[in-house]
Amino acid sequence: MVRYLARRALLLAVTLLIASVIIFALTRLLPGDVARLILGREASEMALANFRQEFGLDQPAPQQYVNWLVGFLAGDWGRSFTGTKAPVQPLVVGRLGNSMRLALMTLVISVPLSVGLGIIAALRENTWVDAAVSLLSLAVVGLPEFVTGLVLINGLALGVRALGLPATSTVPDGTLADWVRQLILPALTATLVLVGYISRLTRAGVLEELRKPYVRTAVLKGLPTRTVIFKHVLRNALLPTITVTALSFGWLIGGLVVIENVYNYPGMGALLVEAVKQRNLFVIQAIVMVTVFFFALANLAADLLYALLNPRIRLE
Amino acid sequence: MPNPVIEARGVSMDYRLEKGWLNAVRDVSLSINPLGIHGLVGESGSGKSTLALALMGYLAPNARLSGGAVWLEGEDLFRKSQAELRALWGSQLSLVPQDSLAALNPAYTIGDQIAEVTRQHFGLSRRAAWQQAVEMLARVRIADPTSVARQYPHQLSGGMQQRVTIAMALSARPRLLVLDEPTTALDVTTEAVILDLFRELIQETQAAALYVSHNLGVIAQICDQVTVLYAGEVMASAPVRELYARPVHPYTIGLLASIPRPTTGVETRLPTIPGVAPALGDRPPGCVFAPRCPAALPHCFTDKPPLEMIAPGHQVRCHRWHEIVNGDVAILTQPEAAAPHVAHQLAAESVLSARGLRKTYGGAGWWRRLTRGSARRVRAVDDVTVRVRPQSTLGLVGESGSGKTTLARCIVGLETADDGQLELLAIPLDRRLARRSRAQLRELQMVFQNPNDTLNPYRTVGQTLERALERLSPQPLPPDQRRQRVLELLEVVRLTPDYADRYPAELSGGEKQRVAVARAFAADPALVVADEPTSALDVSVQAVVLNLLKDLRAQKGASYLFISHDLSAVAYLADWIAVMYLGQIVEEGTAEQVYQRPSHPYTEALISSIPVPDPAQAGGRIRLTGDAPRAADIPTGCRFHTRCPRKLGPVCETDAPPWQEAGGGHRIRCHIPAAELLALQVSAPKSD
Amino acid sequence: MARPLTLLGLVIVSVFLLMAVFGPLIAPYPFDAIIRGAARLPPSPEHLFGTDRLGRDVFSRVLWGAREIIAIPGIATALAVGFGTIIGLATGYLGGWLDEIVSRLMDSLLAIPALLLALALLGAIGSSPVGIIIVIVLLYVPIVARVIRSATLNLRSSGYIEAARLRGEPLMYILFREILPGVLPALAVESALRFSYAIFLTSSLGFLGLGVQPPTPDWGRMVSEGRESYATTPWALWFPAGAIALLVIGVNLLADGLRRILRYEGAA
């Protein structure tokens with residue numbers, strides 16, 4: 001198993017390295033002079049040159065990449081092009097924490113809900129319950145979050161004032177009540193997108209396991225249905241949902257961009273949209289790189305958990 | 001007469017379709033006495049597995065019992081509640097399933113899964129149940145039961161997995177044991193050992209057993225009573241010796257005759273049953289076998305014959321059984337002689353020669369290890385030299401993992417051998433497919449194993465054959481001539497012209513294989529490599545394809561490299577035989593030499609493990625202990641020494657054995673002198 | 001259950017396609033026409049979807065916008081499916097180093113969450129219809145390639161593919177005449193799914209203000225603008241939002257129907 005995980009980790013490192021090249025190349029090598037875009041058309045050649053020198057944009061691209069990567073690993077993520085030209089790192093890390101809170105809240109709601117729905121739909125295959133779950137997931141999966149988000153805001157926050165839910169969310173303070181109050185709507189919005197995806201995969205996974213011969217073996221041992229389902233079927237059927245959850249986490253980080261905008265929540269996604277509009281390169285690079293890193297980490301964690309629970313890999 | 005343990009009376013079963021129900025099993029009655037081993041034999045789709053599970057009171061979620069009843073010692077199983085059935089399952093009624101790896105839960109240890117049975121039924125504590133599980137593993141002759149109990153299913157070999165399922169099935173002392181094709185996935189040497197084990201254990205437990213199989217050889221070796229199922233109906237039921245010695249039903253007669261036997265020889269063709277079994281949906285109204293029956297009379301097509309008792313314990317469903325028994329009607333015409341086949345047995349020249357062929361997988365480079373994790377080097381083919389003589393057939397036999405398929409693929413070029421020389425018709429043949437000339441491609445064609453993916457499902461049979469003609473013909477053919485050739489090819493493989501416009505989905509497995517043979521012969525190749533071409537087919541269909549290959553060899557003057565795990569099929573077709581074990585050839589010689597005087601201890605064991613379709617012949621004498629080592633860790637010295645019943649001593653473990661000539665081209669790779677090995681064969685009591 | 005829903009999806013998608021083609025012809029007003037004295041009017045027979053705070057006819061703007069929201073994802077999906085299929089067929093069939101390198105590159109692209117990659121890219125090249133198409137193609141080529149690659153791997157060892165190799169068939173013949181028909185079911189389902197996600201992405205970019213630039217009407221941006229004046233003109237938000245929701249649901253129903261009809265259970 002150690003070999004397996006070492007291999008996965010190494011592979012992930014390679015992937016991260018290539019991803020960093022892609023990110024750098026996309027933001028830097030494409031046409032358009034950043035300095036001119038930031039400083040505007042009337043800027044003098046002198047000002048442009050100063051700007052390029054200040055941010056190291058005058059160096060050859062490979063050199064810039066190496067500088068950026070080394071700096072990134074050392075915790076120096078560059079400075080913002082605009083405003084006070086503040087260092088990027090504290091800004092992004094602060095926003096990252098906010099986004100993580102929202103992502104966590106979402107996972108806590110959506111994973112149990114959608115896995116539960118998927119299991120129920122599979123066990124009640126071809127009944128109205130199954131039909132209802134699949135219709136629900138067909139209806140909400142793929143609906144842009146700004147549509148579902150606006151429905152929730154206008155329906156629950158503005159529509160039912162008694163609930164006392166805010167239409168725009170702020171970072172929750174330490175209390176559980178505030179977590180729920182501030183984050184429930186954005187988390188629900190994200191859940192609506194995830195639930196279709198996860199429940200559908202869970203249902204397919206459970207159905208696939210149910211058709212395997214070992215289930216018949218268990219039934220013909222005379223085990224109660226409860227044992228057959230919980231001990232034998234779900235033990236195997238839920239293994240893939242670990243990976244799915246990790247993938248959802250990655251999706252969540254991307255998906256939160258829109259949700260944070262809908263709820264005016266000060267997360268990393270909102271910062272990214274701002275940065276993109278200002279072409280604030282170092283901020284963009286930092287956010288994308290950090291996201292990719294956490295996505296990769298989630299995948300590695302999923303691999304570890306998967307390996308621990310799957311004897312075929314654990315005993316490799 | 002003792003009271004039967006299990007008795008089915010008039011059982012009919014249906015499967016649910018999108019609209020309504022489809023009858024799968026019709027009016028089946030059978031009973032099994034204590035200690036009886038009842039064989040249920042039938043081809044695929046005959047309903048045998050469905051029926052077997054029904055005898056346990058188990059219905060698949062999409063199945064129902066539409067008539068009849070099943071009694072377990074006088075109690076009607078289908079009147080019981082689910083809870084009552086659960087109390088019987090695993091304790092009174094147990095199943096030994098077909099695919100043992102799939103039938104075990106991959107997430108739990110062997111011990112845990114066996115212990116589950118006694119914990120459920122006897123209320124044993126976790127510790128006591130575990131202890132009992134270990135004892136059960138010892139009872140199925142597992143050498144190290146304590147450590148095996150702690151292992152997971154995927155860590156065990158196929159034979160060991162099957163032992164585990166037996167241990168599980170027997171752990172609560174069942175009254176009825178249902179064995180559903182339990183050895184089908186196993187190699188013949190392992191199968192022989194497992195069959196011995198079944199026999200002993202069923203005796204020990206005093207259970208009744210239902211043994212389901214498509215393999216008439218296995219049934220003959222283990223059962224005392226046999227029921228023959230065809231298209232969901234019982235055709236015949238008889239004591240095993242009687243059924244094999246004096247089959248009465250035309251289907252039974254045809255089936256038994258169509259099995260190739262080592263002694264069939266090269267001079268004859270196999271008798272065959274024409275046509276294919278009907279799909280469940282369109283079974284004929286009269287006798288279900290009538291459309292394929294050589295003795296069918298007009299009323300056979302309209303009136304369903306009753307199941308009649310013709311002797312104690314012997315029932316037959318045929319209108320004409322009187323005439324058949326009295327010899328007034330012959331079902332089998334004398335097997336016709338095959339077209340004269342003159343193999344140039346000792347000819348010096350060869351169609352194909354391969355020298356020192358090697359192919360190793362895995363262990364290639366750090367990058368592959370990083371991304372794929374396959375660090376083990378597997379020497380699939382290791383220094384193999386073979387030659388196929390003009391107009392003859394080289395049969396290549398060996399267990400799974402012996403490298404026979406890899407060898408064939410290296411020869412045709414689907415895999416590129418790492419090393420070695422190839423020659424086709426005395427011209428060097430590049431190891432890489434892309435470097436071979438068009439003429440060489442034409443001369444070397446292949447027939448594949450799986451009939452279901454051998455033809456492109458999106459093309460008609462005609463289009464497939466036309467493309468082969470277009471690519472392989474020496475001169476370009478104008479379209480009308482191509483069409484003409486397609487029809488000729490279809491005729492050669494005994495298919496009517498209307499097949500040209502059919503899609504593969506409309507063909508049966510045997511028909512698909514015949515089209516595949518036609519495709520291989522599109523441009524009169526010199527050598528056709530056939531990799532297990534009949535192993536996915538039913539016995540009665542297999543005979544048709546084997547005959548076809550035999551006829552084409554004579555008509556077209558082609559040679560074959562014929563690969564099969566089924567030694568009887570190889571014996572039917574091959575003039576020369578090479579036996580492979582763990583990537584190397586251990587014995588080669590003419591078919592007669594290898595079968596009549598198998599000299600290498602492995603060949604000897606292999607041949608004596610064949611389940612002979614004749615209950616009067618005791619099973620072979622030699623059993624191999626242990627499993628074949630994995631191809632990734634090949635033993636030192638002689639590769640067979642870990643299982644060899646004639647191991648000499650340390651020399652076998654350290655030195656690779658030399659090739660020894662046994663005369664007439666017969667060669668053996670063994671440390672024991674060839675003369676000594678041959679003498680052992682002559683003195684041993686011959687089984688046939 | 002499957003059939004009526006699939007049909008419903010087909011009807012919805014057809015209506016939107018017709019809208020994209022003929023919408024501008026039947027729209028009562030040009031998309032950027034500001035009607036004097038008609039600002040903030042609720043829906044009425046005159047203005048079916050009402051007017052926005054500037055006095056533009058929402059119904060006309062939704063009709064005009066259909067073209068963008070279908071054409072951009074449509075073109076992008078077609079290109080992504082085309083390139084992805086070629087890459088997937090080639091890497092799946094040929095294997096070896098080509099497969100290693102291309103797969104690694106694709107995995108790395110997939111390691112970057114889609115919307116983030118889109119935003120970073122748009123930040124660099126600026127928003128324009130062509131920019132958005134490039135972004136979507138770049139995002140979806142790896143996904144399509146991966147699906148087609150695994151379908152190809154399944155077919156690669158089939159007897160009929162090996163028989164074609166033994167006939168010495170050229171590579172292009174094997175890829176496009178022997179393998180391609182076999183992966184068409186996967187391709188059909190995948191195309192429908194990609195189209196749905198592309199609509200999702202395009203409208204999300206519009207909502208974030210990074211889609212097609214004004215004055216061209218973009219449903220996503222219309223929602224975002226409608227939100228600012230929600231108190232006075234809620235209809236300016238709900239009609240474009242409803243149009244997006246309906247279109248996405250229609251495409252999803254169609255994709256699901258295709259999956260059932262073609263019996264293809266691939267990655268969701």
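Where in chain B is B:L425 found? B:L425 sits in the loop between β16 (419-424) and β17 (427-429) of chain B. Helices and strands here are DSSP runs, numbered from the N terminus, with at least four residues of H or I for a helix and at least two of E for a strand.

Before I continue, please note that this is a predicted model, in which local features need pLDDT of at least 70, side-chain atom pairs count only at pLDDT 80 or more, and totals for chains, interfaces and linings use all residues. Residues are numbered from 1 along each chain as its sequence is written, chains are lettered from A and ligands numbered from 1 in the order in which they are written, and side-chain values use heavy atoms, with hydrogens and water left out.

Let me return to chain B. Phi of B:L425 is near 50 degrees, a positive value in a residue other than glycine. Most residues other than glycine have a negative phi. B:L425 counts as partly exposed because its relative accessibility is 39%; buried means under 20% relative accessible area, exposed over 50%, and partly exposed in between, with a 1.4 Å probe and protein chains only. B:R173 also has a positive phi, near 50 degrees, and lies in the loop between α7 (158-170) and β7 (176-180) of chain B.

I turn now to chain A. It is divided into domain 1 (2-74) and domain 2 (88-315), with bounds from an automatic or database domain assignment. The centres of these two domains, taken over C-alpha atoms, are 31 Å apart. Across the boundary, 18 residues of domain 1 are in contact with 18 residues of domain 2, where contact means heavy atoms within 4.5 Å. The area buried between the two domains is about 1,800 Å², and carbon and sulfur atoms give 80% of that area. Buried area is the accessible area (1.4 Å probe) that two parts lose on being put together, summed over both. Which three residues supply more than any other three of the area that domain 1 buries against domain 2? They are A:Y4, A:L16 and A:I23, which supply 28%.

Finally, we come to chain C. This chain has 9 helices and 0 strands. Its C-alpha trace spans about 75 × 45 × 30 Å along the principal axes. Of the 268 residues in chain C, 59% are buried. Among contacts in chain C with a separation of 6 or more, 71% come from residues 24 or more positions apart.
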